[in-house]
Amino acid sequence: MVNSPQNPRHQLDLTSFSARHGAPVEWRISDSPVPYPEAVAAMEARVAAISAGEAPELVWLLEHPPLYTSGTSGKEDDLRDPRFPIFATGRGGQLTYHGPGQRVAYVMLDLKRRRPDVRAYVASLEELILKTLAAFNVRGERREDRVGVWVKRPDKGEGFEDKIAAIGVRLKRWVSFHGIAINVEPELSHFAGIVPCGVVDPRYGVTSLVDLGQLVTMTDVDVALRQAFEELFGPTKALVPEAAA
């Protein structure tokens, strides 16, 4: 079902997530692929520090080596071909793929200070993706019966759509972590090893910006992503590439 103006997520006030006080959100980019266990450990440590008031909020941009993750709704039958390591994770959602060419943004924000509303926060991450894609003239859309962000593919046939970005979040003491993943130029055949996010309908596949004909680089996407983030969440402060602990 396509979202309509009556859809509850369209009625949420997303502007209220902008910080009214406090330090800018740290904006960090890792240049080389980060192993998944290392990323999770770093997020856990940072979330604890943010919750304790010992560290500022953080957005961490990175890529992972090829791997699959299973969220809290993951099903064993959705793993078709365990060609890559699979990691259980505490984020919401089902099975997904991460790998080179995919921009992962781990978003660690203090929602207690901003707005303690999980549904509105997820909608704000969707909006972050939509704004980023729009910078490249790609129209992403929400779907009530499918998670993530989708693009219509009339070139494949009537009713065909492809997923271009995924969302999976977790909160600990109202501090968010995990986040979003936008397909820039990943190896799309790697998604065949799983049922991505439990979607089995053959009309629904996976795509990327480059697959859609947008000759963009990861740096291009990072610039658009940061601009969209600041519109929704407030100012950021760039840091040199390093671990996120």
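Colleague: Let's start with Leu 125: which residues does Leu 125 touch, not counting residues up to four places away in sequence?

Modeller: Leu 125 touches Val 107, Ile 167, Val 169, Ile 180 and Phe 233. Contact here means heavy atoms within 4.5 Å. Bear in mind that this is a predicted model, where local features need pLDDT of at least 70 and side-chain atom pairs count only at pLDDT 80 or more, while totals for chains, interfaces and linings use all residues. Residues are numbered from 1 along each chain as its sequence is written, and side-chain values use heavy atoms, with hydrogens and water left out.

Colleague: Which members of the largest nonpolar core touch the most other members?

Modeller: Tyr 121, Leu 125, Ile 180 and Phe 229 do, out of 37 residues. A nonpolar core is a set of buried Ala, Val, Leu, Ile, Met, Phe, Trp, Tyr and Cys residues joined through side-chain atoms within 4.5 Å. Among the elements that each supply at least two residues are strand S6 (102-108), helix H3 (118-134), strand S10 (175-183) and helix H4 (218-233); H4 gives the most, with 8 residues. These elements are DSSP runs numbered from the N terminus, helices being H or I with at least four residues and strands E with at least two. A second, separate core of 17 residues includes Tyr 36, Val 47, Leu 67 and Phe 177.

Colleague: Why is the pair of Phe 229 and Phe 233 called stacked?

Modeller: The two ring centres are 4.7 Å apart and the planes stand at 25°. Rings of Phe, Tyr and Trp (its six-membered ring) pair if their centres lie within 6.5 Å, and planes under 30 degrees apart count as stacked, over 60 as edge-to-face and the rest as tilted. Both values pass, so the pair is stacked. The two residues are 4 apart in helix H4, about one helical turn, and both are buried. The structure holds 9 aromatic pairs, and ring pairs also link Tyr 68, Phe 84, Tyr 97 and Phe 191 into a cluster.

Colleague: Where does Arg 146 lie relative to Tyr 204?

Modeller: Over its face, at 3.7 Å from the ring centre. The criterion is NZ of Lys or CZ of Arg within 6 Å of the ring centre and within 35 degrees of the ring normal. Arg 146 also lies over the face of Trp 150, at 4.5 Å from the ring centre.

Colleague: What makes S3 and S5 paired strands?

Modeller: Two strands pair if DSSP finds at least two bridges between them. Strand S3 (residues 67-70) is joined to S5 by 4 bridges, and the two run antiparallel; Ser 70 stands opposite Leu 95 in S5.

Colleague: In what order do the 3 strands of this open sheet lie?

Modeller: The order is S4-S3-S5, with mixed pairing. S4 (86-88) and S5 (95-98) each have a single partner strand, so one side of each is left without a neighbour in the sheet.

Key: Buried < 20%, exposed > 50% of the residue type's maximum accessible area, 1.4 Å probe, protein only.
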